[in-house]
Amino acid sequence: MILGKCPYCDDGNIEVRDKEVSGKKVKLYACTNANWKTEDGEMFELTENSICDFKIWQNSLAKYGKWLSYKEVRTLLDEDSIEVELLSKKYGKKLYYNKYISLNQEYGVSVIWD
């Protein structure tokens, strides 16, 4: 499934890939020009023939109670930032709040803390 054009290279498209990390199935949204390899199933490195490094892990915001959907990634590719609902479990209470996230070449996405 193609979600949109790659923001980091000229001819790449962002596709959905199924990966397994620490025994759990996770989606990886990656450029068609980026190929990833792993030896232990946890650390993923670019192969030598990759010309792009775009990636967003579906669970990249899991510590905030958020897993990114296809639709959110597609919108993020079109608009550069989107508003998402995050969760804080501070002091034993669940508190939901909205923040914007944007593309980040090193981490995939970043929360914009204003």
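Colleague: Two strands count as paired if DSSP finds at least two bridges between them. So, which residue in β8 is the bridge partner of glutamate 85?

Modeller: The bridge partner of glutamate 85 in β8 is asparagine 98. Please keep in mind that this is a predicted model, where local features need pLDDT of at least 70 and side-chain atom pairs count only at pLDDT 80 or more, while totals for chains, interfaces and linings use all residues. Residues are numbered from 1 along each chain as its sequence is written, and side-chain values use heavy atoms, with hydrogens and water left out.

Colleague: How many bridges join β7 to β8?

Modeller: Eight bridges join β7 to β8 (residues 95-104), and the two run antiparallel. Strands here are DSSP runs of E with at least two residues, and helices are runs of H or I with at least four, numbered from the N terminus.

Colleague: What is the strand order in that open sheet?

Modeller: The order is β7-β8-β9, with antiparallel pairing. Because β7 and β9 (108-112) each have a single partner strand, they stand at the edges, and one side of each is left without a neighbour in the sheet.

Colleague: Changing topic, is serine 81 buried, partly exposed or exposed?

Modeller: Serine 81 counts as partly exposed because its relative accessibility is 28%, where buried means under 20%, exposed over 50% and partly exposed in between (1.4 Å probe, protein chains only). Serine 81 lies in β7 (residues 81-88).

Colleague: And which residues does serine 81 contact, beyond its neighbours within four places in sequence?

Modeller: With contact meaning heavy atoms within 4.5 Å, they are Leu76, Tyr100, Ile101, Ser102 and Ile112.
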